[in-house]
Amino acid sequence: MGKTSKDKRDIYYRLAKEEGWRARSAFKLLQINEEHNIFNGVLRAVDLCAAPGSWSQVLTKKLRQNAENDDDVKIVAVDLQAMAALPGVKQIQGDITKISTANEIIKEFEGLKADLVVCDGAPDVTGLHDIDEYVQSQLLLAALNITTHVLKNGGVFVAKIFRGKDVTLVYSQLKLFFEFVTVSKPRSSRNSSIEAFVICQNYSPPPGYVPTMINPLLDHKYCDFNQLTGPNRFIVPFIACGDLSAYDSDTSYPLLLEGQSSYEYKEPVQGPIDPPYKDVLEKTKSMQINNS
Amino acid sequence: MSTLIRTDVTSVKLCKDIILAGIGSFLCTFYTKNSKPIQKIQALNGQKIRGLIPSKCLTKLLIFGGKQFTIFNEIESIFKSQIDAVVYDDWIHTAIWLSENKVALLSAHNVVTTWDITTTKLLQQHINKDNSILYSGLLQPLQHDILVFSGTVYSQVILQWFGDEQPLHYLKGHKGVIFSISCNLQRGIIVTTSDDRSVKIWSVTSVHSDYNIKTYWQNAHIDCVHDLYGHLARVMRNTLTNLYIISVGEDSAICFWDYNGNLLKKTISHKNSCIWSLDADESNLVTGGGDCGIMMHPLSSVTYNSHGEVINTSVTPKKVLFTARNNIVITTVGNVLNYYNSNLNKIQEIRLNHTSTYQLVGLSSCKQLIAVVDMDGNLDIFMENCKGDPGLKKIIETRLHLGKILSMQWAGNRHLVFCSEGGVITVGASKGNTIEIIANYLLPPCKERWLTASALHDTKDTLIVGDRCGHIHLYEWRRQQPAYTMKRVHGRYGPTSIDIRNDIVRTTGRDGTVRYLKIINSGFKYMSCKDLEFEWVEKFLDVQGKYVCGFRERSLVVYDVENDLKVVDVSCGGGHRSWDVVRYIENNGGCYEECLRLMFVKNTQVYVNTFRLRDIVSTVILPGTHSKEINCLRTYRRRNDDPVTWFITGGEDTTLRVSTSEQEAEFWDRVIFRHLSNVRALKLLSVSHDEVLVVSAGGRAQICIRTIGFVDKNVTAEELIDYQIKGTDRERRGNQNWRNCSVDFDPETRIMDVEVDELNEAKVMIYTACSDGEVRVFEWNRRGGQFTMIQEVRHHKTCILKLKMFTCSNKKIITTCGTRGDVAFWEVSSEDGTLAEGPALVLRTNESGINSVDIKVTGGCQFVLATGGDDNAVHMSLVRLGGDGGWAAVTSHAYLNAHCSQVTGLALVEGLCVTTGVDQRVTSVSWRLEGEDIKTEFIDQMYSDVSDIHGMDVVRDSGDRLTVCVYGKGIQVIELLKP
């Protein structure tokens, strides 16, 4: 397989490299904003599960348009893993289930709360859909939990969600905290992918709700208004986002795109840092492990 | 109601003489001794079974999965539900019995709970301090307490005394998520496996001796003593027996380790899919995989020392052969044939009166006759006696005048095929004590002009031979020149063996394949090909064609073709030495045992290994199927009342399979074909009631056409077309390697959907929806075999996801659906099958990509279109075509609450619209037309255990029932009641 075949197979992978984004997911946030205007007036934003940092890149670029002075824009990126530095983004290497991380974010905003919290985190998938969906929903609820500590009333929360068999449980949970919950799929997200994004607007926690990190938020159970099977399931509106004329992530494009006269192969912007299999590759370099 | 379910086997348990398995939410049981299924019963509701824990007295079974658990009772091998499934708040990772009425659970937020199962009341709950998500856990019951092991996402295992605030130990060392934890406290051993591909053995040492008390653990040292690498991917599970640590992983590997960390054996099972579950007792290991299969592996195979021996002979062996009675014929450099009596370890020397030292030896197919010929034509034939003391008797001694003899093969038990200088082929038959020449043929010139294999048809009038150029020739009775030649069938070495059975020719070769040809009208028809996992395939060991032997690098391999299992692998040094393999049945005091005996020459000694298959061969408890998602499926039944349903499936694992199902256990892949990349779409065209054309297409722009015939429960296959729109790799870039070839600017193309239509007797049209937005039309001339693209039309600017053909008002119409939610209708010319220049009507129904479509013609010139998409919605439109008003969408209707995720399957029948999607629900909605308005009403919804559902096919539509099959990561057949 030649090195250009990846460029051919996935238009957004290629565009991300050409436009300097660390990952193709940058386009997803841009397209979500096109539809939902989530960056309107936002000065303080939190990027949860930020590595490798493409969403932080988008936030930096877009939020600076909201302020006259770049220093008025504050972006905090939180991740367990180390991430290559980005100018204008404060990095916190921490756990989103810890109160200390929430406090650190607030400190960074000088006591103020965030206007926008985004989370594009996903677990390493195991291949069994139910547990992958469960872990993803727990990650989302952990993100929601820290969001209840750091988001201002009326603020916006955007997170990746796996639309699997129990997604209605997550919807009904989110609906408790936000007035508007919609699910959206950017054109840059593949049709075959289970991922979508929830756009939660107008943060308004239930009266008397006290944010706590002592217990994790557990997802809902099926009940009368949200059944396992039946007509009463909690389904939120779906909105596709991204311009109809935008590139389509499922389409095969030629290397020479319309309006282009030349093509040049570009290396990825940021390679992986410290994958879990790194050690094994090191240690087994001299060994021969064969599947025969 | 579900009638058939196949999906990931997420738990297995060996319990007395029964194998328990969790397949989706169903508990399935089998007898260990004969693999017979006993029972299939739904245990959980909307969750996969992850654990099956028998109680101490084995009469109760705790079943858990996801956020549910339940209890079943066992009476005489039959399980019955004792309580309704209990829904808990959190994902359950592990569970144990504390007493006959009390269980404990460990869940994903590191919470331990205990429950009274008679009242289903929560008794105790303890939330551990580190409550980030766990990926695995272990509850170890002690005399009065519970030891809790939690495998975290942060690569560590936390050890905690149940009820304590502070953990006892943190086991650090893994570099990834912990997937499984086991322990053996008597040995003081903990074993963990992880995302980082390693298995770690931890040793527990303490100044105290009783591990039931807390001070033992408070004062314990836990160190990683072995860091083991044997897997090529994530290691999912492990289990411990008295002798072994067994680990299974995503790489389909089962590794058997001893407690000192030595890798004793590694085997590959479940056909390249992840192994999700395992359990072992002291004699067997059971595994459940992502291929939906269950296998049982005898533990005796781990250290099975085949009965290996070195035959003590004073001779220097050249060639060795097994005879019918398992004795050995050994040729040497001298003018002597040695017959080795295996029982008495004695050699009978037989002098030969040969004049040339070059010697060819051959064994008849009954293995009783041994022919030895020298270059000058001195031929001796010996026979091994059937009864009494084994011995060889010379039955024929003659001299053939054929010139220099270059090759000799037996064709059956009576005929010998010689090839001598100048490509002269001579067929001789034994007659009395001499050989009668019955036919002569001429081998076309080639570099090394002799035969590698030959076979004679039962009727004797057809001879089939293979030569050193890899060609296969068919000769008809007494016609010198070949009647038919098939070129380069097995690469440059030529076929290694040829068999004929009922007009089917089976050849093996050194290109890693077995090929099947059919003899018809003085020629062959290429039927199909089977790829094996080793390069050098030498021959079949049995008439049925189950076992095949050959070489993988330096190992002699015996492979079970029927079950796709490697049987034996013996390191011998490679295939260029002299060797032989025999399969036989041994009568062991009335008990018949299938055995294999392998022999090879190494350092001038003869090594013999004997294997009793029962001790080494894994058993299929439930046959597996696709190792990844099924992308497309069509069912076929020969007649409406035929109990057998055929499933033709194409998958992400690049295979196309034909399987049958009568009863559950009989769902079995009958044939497997390979594509270059994933198979995304397939359609059938009925040829006769027991023969269909299967058109499959997918990645790398590949289209394949095969004829599949159904005979009883067997399948015949003929591969007709294998075509790539952009040409094969070689056609595209010549002989250059990828480094040197220039960048190809054309887009890669995947075929997303396909439709097939019979234009007339000769012509079949193939319509394809491509990922670059084009609809490509192909014409296949069935008589001449030409396959040509005749049209490329474009309307959609983006990838086309679905393509469907239907007839309305005597017009053939093609519908295409794209990723933008747009639907286009194209009129098809009845003359040449091409599409009109542009679509007749374009609609935009869904918000984004359309993943399912169906059409129901409701009247003369109007039809209802139903589409389901990535926007969770089902849209229905009433469309009118032609006439004076032209094409028009009359009315439309949508319902948004049927699914909460992508709608990937849709069937529109009279009055009923059934949909399915990634949310694993199957929804039935009734529909009707009131005037021009479409009205729908929710009827029913059910949950399917198949995840990642890719689509649905109607199996049967009869009377009050609609039977559908949903497919994705597995398949499920569901019967729905019509309104």
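Author: This is a predicted model. In chain B, strands S23-S24-S25-S26 form an open sheet of four strands, in that order, with antiparallel pairing.

Reader: What makes strand S23 and strand S26 of chain B the edge strands?

Author: Each of them pairs on one side only. Strand S23 covers 235-240 and strand S26 covers 263-268. From one strand to the next, the twist averages 15 degrees.

Reader: How do you know that S23(B) and strand S24 of chain B are paired?

Author: Pairing needs at least two bridges between the strands. S23(B) and S24(B), residues 245-249, are joined by five, so they count as paired. The two strands run antiparallel. As one example of a bridge, Arg237(B) has Val248(B) in S24(B) as its partner.

Reader: What holds paired strands together in general?

Author: Backbone hydrogen bonds, in either a parallel or an antiparallel arrangement.

Reader: Which other open sheet of four strands does chain B have?

Author: One with the order S75-S76-S77-S78, and its pairing is antiparallel. Its edge strands are strand S75 (850-859) and strand S78 (888-895), each pairing on one side only. Neighbouring strands here are turned by 20 degrees against each other on average, direction ignored.

Reader: What makes strand S77 and S78 of chain B a pair?

Author: The cut-off is again at least two bridges. Strand S77 of chain B, residues 874-880, and S78(B) have seven, in the antiparallel sense, so they meet it. Within this pair, His875(B) stands opposite Ala894(B).

Reader: Turn to chain A. Why is Lys160(A) called buried?

Author: A residue is buried if 20 or more other C-beta atoms lie within 10 Å of its own. Lys160(A) has 21, so it is buried.

Reader: Where is Lys160(A), and what does it touch?

Author: Lys160(A) is in strand S5 of chain A, residues 151-162. Leaving out residues up to four places away in sequence, its contacts are Cys119(A), Asp120(A), Gly121(A), Ala122(A), Glu195(A) and Phe197(A). An unreviewed UniProt entry annotates Lys160(A) as "active site".

Reader: Why is Glu910(B) called exposed?

Author: Glu910(B) has 11, so it counts as exposed. Glu910(B) is in the loop between strand S79 (903-909) and strand S80 (912-917) of chain B. From Arg506(B) it is 404 residues away in sequence and 48 Å away in space, C-alpha to C-alpha.

Reader: What makes H7(A) mostly covered?

Author: Eight of its nine residues are buried. Among them are Val167(A), Leu169(A), Tyr171(A) and Leu174(A). The cover over the buried residues includes H6, S5, strand S6 (178-186) and strand S7 (195-203) of chain A.

Reader: How many residues does each chain bring to the contact between chain A and chain B?

Author: Chain A brings 55 residues and chain B brings 68. On the chain A side, helix H1, helix H6, helix H7, strand S8 and helix H8 each supply at least two residues. H6(A) gives the largest share, five residues. By class, the chain A side has 24 nonpolar, 17 polar and 14 charged residues.

Reader: Which domains does the assignment give for chain B?

Author: Domain 1 (9-127), domain 2 (315-399), domain 3 (547-617) and domain 4 (625-732 + 746-794). Taken over C-alpha atoms, the centres of domain 1 and domain 4 of chain B are 42 Å apart.

Terms used:
Residues numbered from 1 in each chain as written. Chains lettered and ligands numbered in written order. Predicted model: local features only at pLDDT ≥ 70, side-chain atom pairs only at ≥ 80, totals over all residues. UniProt positions renumbered as here; feature names shortened; annotations may be inferred. Buried ≥ 20, exposed ≤ 12 C-beta atoms within 10 Å, placed from the backbone. Contact = placed C-beta atoms within 7 Å. Domains from an automatic or database assignment. Axes fitted to C-alpha atoms, helices over the stretch in contact; angles between N-to-C directions. Nonpolar A, V, L, I, M, F, W, Y, C, P; charged D, E, K, R; others polar.
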